[in-house]
Amino acid sequence: MKKHDLSNVRGDHRILCDFVASGSRVLDIGCGTGELLELLIDTRGVDGRGFDTSQKGVNEAVARGLSVVQGDADNDLAAYPDDAFDYAILSHTLQATMDPKQVLEQLLRIGKKVVVSFPNFGHWRNRMQLLFNGRMPVTDYLPYEWYDTPNIHFCTIRDFVALSEEVHAKVIKAEALDARGQRIGFNAPWWVWNLIGDQAVFLLERK
Amino acid sequence: MTETASAKPEKTPNISPSTQASVAAEQMDMPASKLMRFGSDNPLRLDEGTELTPWQIAYETYGELNEDKTNAILVCHALTGDQYVASENPVTGKPGWWSMMVGPGQPVDTDKYFVICANVLGGCLGTTGPACTNPETNEVYGLDLPVVTIGDMVRSQAKLVEALGIETLFAVVGGSMGGMQVLQWASAYPEKVFAAVPIAAGPRHSSQNIAFHEVGRQAVMADPDWCHGQYAKEGKRPMKGLSVARMAAHITYMSDESLHSKFGRNLQDRSAITFGFDADFQIESYLRHQGMTFVDRFDANSYLYVTRAMDYFDLAATHGGKLANAFLHSTTRFCVMSFTTDWLFPTSESKDIVRALNAAGANVSFVEIESSRGHDAFLLDEPELFKTMRGFLTGAAKARGIPAPGNGD
């Protein structure tokens with residue numbers, strides 16, 4: 001537990017940790033090398049499993065003693081039984097899936113609760129870049145050009161709220177983060193968050 | 001049952017082939033390794049429907065069993081492997097077949113773990129097999145030994161582990177046929193397996209794999225010196241047939257890429273092709289050498305038995321046709337590994353295992369390792385393999401509450 005000083009932890013990871021109950025069973029989809037998974041195990045004592053498309057990331061995570069498999073969210077989630085986990089987590093991965101709606105439906109099936117974090121494409125800076133430059137936005141945390149980005153399905157916070165409705169998910173909690181990864185500490189209508197939120201973290205469950 | 005631990009023979013440098021064959025013959029009933037004998041009070045039930053009694057299992061151990069008996073790792077060997085995983089083989093004089101993986105300071109660290117490796121049932125280095133003496137007739141079993149399965153091999157190992165006073169194995173580890181045994185262990189004795197590492201294996205033997213085994217068996221049986229399996233009585237050995245079987249099998253252990261880079265179309269000790277049927281090419285010479293050295297250390301009937309055991313392995317079929325059923329409610333931690341150029345047990349087979357484990361809600365890790373060396377990669381110097389094994393076992397040791405390498409203590 002001493003290993004992680006939470007003040008140095010990525011903003012969205014900090015909020016994700018707050019959303020997850022101690023000692024629960026967690027599947028982190030798109031876990032990369034297992035940074036978040038390790039954080040959840042160390043700080044929340046979860047029974048954590050991971051899942052990622054990159055074999056290199058997976059190998060590194062397993063070598064660190066984490067339970068991680070190589071797989072792809074679009075095809076391999078079907079193997080998991082219903083309610084297999086207390087939480088299914090999708091951290092900055094939704095926008096890289098082929099079929100985000102189907103992936104979200106799978107998450108709601110295998111996780112009793114679902115945590116999703118994603119970059120908000122509706123942030124004012126992105127809008128300004130498109131409006132004034134006429135080019136697809138490239139920012140610090142969206143560093144890719146349109147032709148080489150793995151992020152093929154960007155959405156805005158309002159888009160995500162609409163998708164949640166469509167897959168019959170209830171939003172239990174949501175947080176927007178500013179450009180420094182800090183929580184935007186006031187309640188505001190979705191359209192405000194959609195404009196100033198750099199990224200968002202949602203906690204969902206089946207309706 | 002009785003346990004005998006005989007002293008190992010002195011190291012004999014450059015053991016000649018004929019000496020090797022006679023040393024190998026001695027090892028069949030009285031191995032240089034440790035030996036556990038099970039009498040009529042402890043018969044071995046076989047999948048075929050009969051019971052084997054008396055029977056014996058030859059094994060080696062490395063490291064120290066801790067007081068709580070929680071640090072034991074069982075290593076399961078592949079088709080023609082043996083119990084000498086980390087020590088010199090008394091027949092060939094070669095170092096342990098997995099000494100890069102198992103030993104002091106190695107990924108399976110014998111400074112921390114107590115490692116057991118047993119010769120498989122049907123094998124020919126001291127565990128009951130077709131080359132052993134049948135106590136009922138006082139003659140070599142030959143084909144009178146019932147056909148054994150992976151399930152039988154594992155059942156015999158479970159009896160050994162029990163006799164050693166170990167309730168739960170910290171881990172069961174193995175590649176190829178060893179990996180099949182790991183899966184069988186986890187499925188048949190889930191409560192006795194804390195962690196399982198099946199490497200370069202599959203949940204069943206594929207049609208293609210059965211086909212290659214059949215070619216090998218037919219080569220053995222076509223040799224006139226096989227004498228319908230009675231060659232021991234006739235004082236003969238089907239060396240040609242067994243050697244051809246090994247040559248065919250050896251091809252399946254390598255990748256196209258590794259054959260090409262190792263041999264290409266290079267000629268053997270000659271500058272031009274000879275328009276004949278000598279070993280013109282290096283690859284031919286290499287395979288002939290592999291075949292000839294194999295017959296000095298392995299029994300032909302034993303080869304029939306162990307290949308058959310692999311062919312019969314189908315974990316889903318024995319669980320109502322659904323592989324996930326083999327692992328339902330399992331609390332074992334799994335680490336499945338495959339190699340990119342392995343076409344004998346391709347990654348897709350390992351992925352079938354992983355999907356089934358996920359469906360069963362089991363705790364599983366899966367690593368595919370980039371290697372050009374085909375199926376044999378699991379026995380070779382593959383840093384990623386060692387790194388994964390070390391990391392996985394260390395994580396599992398932490399969960400088990402036993403000291404692991406790198407954790408101090």
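This is a predicted model: local features need pLDDT of at least 70, side-chain atom pairs count only at pLDDT 80 or more; totals for chains, interfaces and linings use all residues.
Figure 1. B:Pro383 sits in helix 11 of chain B.

**Figure 2. Where chain B meets chain A.** Here we're looking at 21 residues of chain B in contact with 17 residues of chain A. Sorted by class, the side of chain B that touches chain A comes out as seven nonpolar, eight polar and six charged residues.

**Figure 3. The two domains of chain B.** Domain 1 of chain B is pieced together from 2-8, 19-203 and 324-400, while domain 2 of chain B covers 210-307. Taken over C-alpha atoms, the centres of these two domains are 25 Å apart. Their contact draws 28 residues from domain 1 of chain B and 19 residues from domain 2 of chain B. On the domain 1 side, helix 1 (17-29) and strand 11 (139-140) of chain B each hand over at least two residues. Helix 1 of chain B gives the most there, with three residues. That side of domain 1 of chain B, the one touching domain 2 of chain B, has 14 nonpolar, 11 polar and three charged residues.

**Figure 4. A buried strand and its partner in chain B.** Is strand 13 (residues 193-199) of chain B buried or exposed? Seven of its seven residues are buried, so strand 13 of chain B is largely enclosed by the rest of the structure. Strand 12 (residues 169-175) of chain B pairs with strand 13 of chain B in the parallel sense, over six bridges. Within this pair, B:Ala171 stands opposite B:Ala195.

**Figure 5. The annotated stretch of chain B.** The unreviewed UniProt entry carries the annotation "domain: AB hydrolase-1" for residues 71-380 of chain B. In the model, that span is 35% helix and 15% strand, and its end C-alpha atoms lie 25 Å apart.

**Figure 6. The seven-stranded sheet of chain A.** This open sheet runs in the order 3-2-1-4-5-7-6, with mixed pairing. Strand 3 (67-70) and strand 6 (169-177) of chain A each have a single partner strand, so one side of each is left without a neighbour in the sheet. From one strand to the next, the twist averages 15 degrees. Strand 1 (residues 25-29) and strand 4 (residues 85-91) of chain A pair in the parallel sense over four bridges. In that pairing A:Asp28 stands opposite A:Ile89 of strand 4 of chain A.

**Figure 7. Helices against the chain A sheet.** Helix 1 (residues 11-19) of chain A packs on the sheet, touching strand 4, strand 5 (111-119), strand 6 and strand 7 (199-206) of chain A. The direction of helix 1 of chain A makes about 25 degrees with that of strand 7 of chain A. Helix 3 (residues 55-63) of chain A lies across strand 2 (47-52) and strand 3 of chain A. Relative to strand 3 of chain A, helix 3 of chain A runs at about 160 degrees.

Note on methods:
Residues are numbered from 1 along each chain as its sequence is written. Chains are lettered from A and ligands numbered from 1 in the order in which they are written. Domain bounds come from an automatic or database domain assignment. Two residues are in contact if their C-beta atoms, placed from the backbone, lie within 7 Å. Ala, Val, Leu, Ile, Met, Phe, Trp, Tyr, Cys and Pro count as nonpolar, Asp, Glu, Lys and Arg as charged, and the others, Gly among them, as polar. Two strands pair if DSSP finds at least two bridges between them. Axes are lines fitted to C-alpha atoms, for helices over the stretch in contact, and angles run from 0 to 180 degrees between N-to-C directions. UniProt positions are given in the numbering used here, feature names are shortened, and annotations may be inferred rather than shown by experiment. A residue is buried if 20 or more other C-beta atoms lie within 10 Å of its own, exposed if 12 or fewer, and partly exposed in between; C-beta atoms are placed from the backbone.
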